[in-house]
Amino acid sequence: MLTFLSTYKELILVLSGFLIIALASNQIAKSFQKIRLPLITGLIFTGIISGPHIIGLIPISAKDNLQFINEIALAFIAFAAGAELYLKELRSRFKSIKWNTFGQLVVTFVVGSIAVYFCADYIPYMREMSTAAKISVSTITAAIFVARSPASAIAVINELRAKGPFVQTVMGVTVVKDFLVIILFSICLAVGESLIAGEDFKLLSIVHIIVELALSFGIGFYAFGQLLKFVLSLKIIRPGKTVLVLLVGFSSYLLSHAVKDLTLEYFNHGIHMEPLLMSILASFFVTNYTKYRAEFINILEHTATPIYIAFFTYTGATLAINVIGSVIGVALILFAIRIITMIMGAYTGGILAGDPMKQNHLGWMPYVTQAGVGLGLATVIADTFPGWGDEFATVIIAVIVINQFLGPPLFKWAIYQLGEDRTKAQTPEFDGIRDAIIFGFESQSVALANQLRENGWEVQIATKLQQGSIDEPEGISITYGIKDFSKEEFDLMNADKTEAIVTMLSDEENLKICDTAYHHFGTRDVIVRLNHRYNYDKFLALDAKVVDPSTAMVSLLDHFVRSPQATSLLLGMEKGQDSRDVEILNPDIHGLTLRDLRLPGDVIILSIMRGGQSIITHGYTRLRLRDIVTVVGSIKSLEEVQFKFDN
């Protein structure tokens, strides 16, 4: 009983300490972003510093005590990877994914195997091996070379909100490659066990692998897929559903461990079902064959940040950083072989796929990072081959540490070079004319356009309809035939000079519009009419202002009841009165306090927006250039204020 309590006391202490360090890790990692390094590099760095080999805030026992965190995170990452394989979206990239997977898998594996074999004399644990054993170890090493880190890829993509053909291809190749590398490694290991031991190869080993993979396929796609579908169908709050989704992923590891232990006990041969494979297939099933894709992705997006913080901090803390110095020479040889074979694979796959040459030049960079899968495979070798297996695992871990530090910055740089990042563009300077674009032609958009025109705005309506299919409203410019909401279409509408964009289409189309405006133009104000509540946070992430019709009416009535005079005033319903946001562009006003402004007597300043933050004003509040001031008064007085602040 005392032993039981002591074990759980240690677990609670280690877990509590780890959670505190993980919170600090998130804050430290944000400083890495300021020098354009990925967030995960900062998380791994903090984990290494806090780990047992440097400061020791996270003890060596954390690797065993907190293994469940690693497994929950890996299952979640597999879910996120599987969700990226949405067949309808990837259909246009199938050719590129196919050939780039061929390049990164086949070319890297074959050339890597040959290179490692010819470098065997420079690798201590391979020097004295037989030729057959050297071939086996070379193929096992090359199979681990192929392993990639989906978690790192997804984390970098999410951080940059990256989107485009390059990123789509990378995610497809990453998921398919990690799916195939497990199969490849299993075959190499089964063959290697016989050859390294000097025995004849047994066909039964291949049968075992086929059985294990078939079980992983069947249980993952059907059993866990249906279980995940059932969880998503439950009518419960999202936090509860999120916990159940994580438990479904964790249960794949629990099932894998249980089946292996039972079969080892009763059949003297452990059947290993790959939990990552099962989780990817379950996610693939939900994403492509159920109606819960949107909700599932929403849960993944909301849960990603804490999972990544925990996983990468844990990864850094458990890396055997202390062994790098003793094996750095061999590690650098293997690292160089891996990079060279990946570059060859990128050019081979890219050229066969017909991808742009610039993309081929950078095509190897997304696949440098290694983490969970590579570490797991190295551990399997250490357990399978006592003696040289430990030295092998040490060298591979050293290579993975190097890859983990260099990989994310390289991938991030490649995304920037290809222009697929979705960081916000610089907001354009005000040109003296207030312009607005309204997407969607309907009675509300026409009414809004007319009202804006009455207040001095130049407005155009953009529609997917063709010219001649509608009666054009008088005095309003119409842009017809909008198709994909691309930068080129925005350029035709002079979106670079537009102060406001209003979207009144479907959420999917509205998101494309917001994404283009955010990434390419930095439009100051983007207003979205929301259709489905679960998309609310996606629009907020793009700095959009969201109007939810399902709650807007209730909120408006509530304000009329509690403050009818103020509501009427702000809505412009008081005769001769209106409210307006005015940007400070006049340098003569910069530094003046509100009490020193000479404004019309009927004008009231309600608030000031500065750097995205609202400021509560008083007489001694000083104005600055680019402040957005909300004022209320008569229409004539507001025109005077507008003129004063603009010039």
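In the predicted model, asparagine 26 lies in helix α1, which spans residues 2-33. Its relative accessibility is 14%, so asparagine 26 counts as buried, the limit for that class being under 20%. Beyond its neighbours within four places in sequence, asparagine 26 is in contact with Leu43 and Ile309. Isoleucine 210, a residue of helix α10 (residues 203-233), provides a contrasting case. Its relative accessible area is 53%, and isoleucine 210 is therefore exposed, since that class begins over 50%. Isoleucine 210 and serine 186 are 24 residues apart along the chain, and their C-alpha atoms are separated by 9.6 Å.

For the protein as a whole, the model contains 24 helices and 10 strands. Of its 647 residues, 51% are buried. Among contacts with a separation of 6 or more, 73% are between residues 24 or more positions apart.

The packing of helix α13 was examined against two other helices. The axes of helix α4 (residues 67-83) and α13 come within 9 Å of each other and cross at roughly 140 degrees. This angle makes α4 oblique to α13, because angles count as roughly antiparallel when over 145 degrees and as roughly perpendicular from 65 to 115 degrees. The crossing of α4 past α13 is left-handed. On the α4 side, the contact is made by Gln67, Ile69, Asn70, Ala73, Leu74, Phe76, Ile77, Phe79, Ala80 and Ala83. On the α13 side, the contributing residues are Phe296, Ile297, Leu300, Thr303, Ala304, Ile307, Tyr308, Ala310, Phe311 and Tyr314. In the contact of α4 with α13, 17 residues are nonpolar, three are polar and none is charged.

The second pairing joins α13 to α11. Here the axes come within 10 Å and cross at roughly 80 degrees. Helices α11 and α13 are therefore roughly perpendicular to each other, as angles from 65 to 115 degrees fall in that class. Arg238, Lys241, Thr242, Val245 and Leu246 of α11 take part in this contact. They meet Glu295, Phe296, Asn298, Ile299, His302, Thr303 and Ile307 of α13. The residues of the contact of α11 with α13 comprise five nonpolar, four polar and three charged. Phe296, Thr303 and Ile307 of α13 are also listed in the contact with α4.

Eight salt bridges are present in the structure. One of them is formed by the side chains of glutamate 295 and lysine 241, with an N to O distance of 2.7 Å. This pair links distant parts of the chain, with glutamate 295 in helix α13 (residues 293-318) and lysine 241 in helix α11 (residues 238-267), 54 residues apart. Both residues belong to the contact between α11 and α13 described above. Glutamate 295 has a relative accessible area of 29% and is therefore partly exposed. Lysine 241, by contrast, has a relative accessible area of 4% and is buried.

Lysine 464 and glutamate 509 form another salt bridge, in which the closest N and O atoms are 2.3 Å apart. This pair also links distant parts of the chain, 45 residues apart: lysine 464 is in the loop between β2 (458-462) and β3 (477-479), and glutamate 509 is in helix α20 (residues 507-521). With a relative accessible area of 41%, lysine 464 is partly exposed. Glutamate 509 is buried, at 17%.

A further salt bridge joins the side chains of arginine 524 and glutamate 583, at 3.0 Å from N to O. Arginine 524 is in the loop between α20 and β5 (525-529), and glutamate 583 is in strand β7 (residues 577-583), so that the pair links distant parts of the chain, 59 residues apart. Arginine 524 counts as buried at 18% relative accessibility. Glutamate 583 counts as buried at 8%. Through salt bridges that share partners, Arg524, Asp525, Lys545 and Glu583 are joined into one network.

Note on methods. Residues numbered from 1 in each chain as written. Predicted model: local features only at pLDDT ≥ 70, side-chain atom pairs only at ≥ 80, totals over all residues. Heavy atoms only, no water. Helix = DSSP H or I, 4+ residues; strand = E, 2+ residues; numbered from the N terminus. Buried < 20%, exposed > 50% of the residue type's maximum accessible area, 1.4 Å probe, protein only. Contact = heavy atoms within 4.5 Å. Salt bridge = Lys/Arg side-chain N within 4 Å of Asp/Glu carboxyl O. Axes fitted to C-alpha atoms, helices over the stretch in contact; angles between N-to-C directions. Parallel < 35°, antiparallel > 145°, perpendicular 65-115°, else oblique. Nonpolar A, V, L, I, M, F, W, Y, C, P; charged D, E, K, R; others polar. Left-handed = near helix turned anticlockwise from the far one by under 90°.
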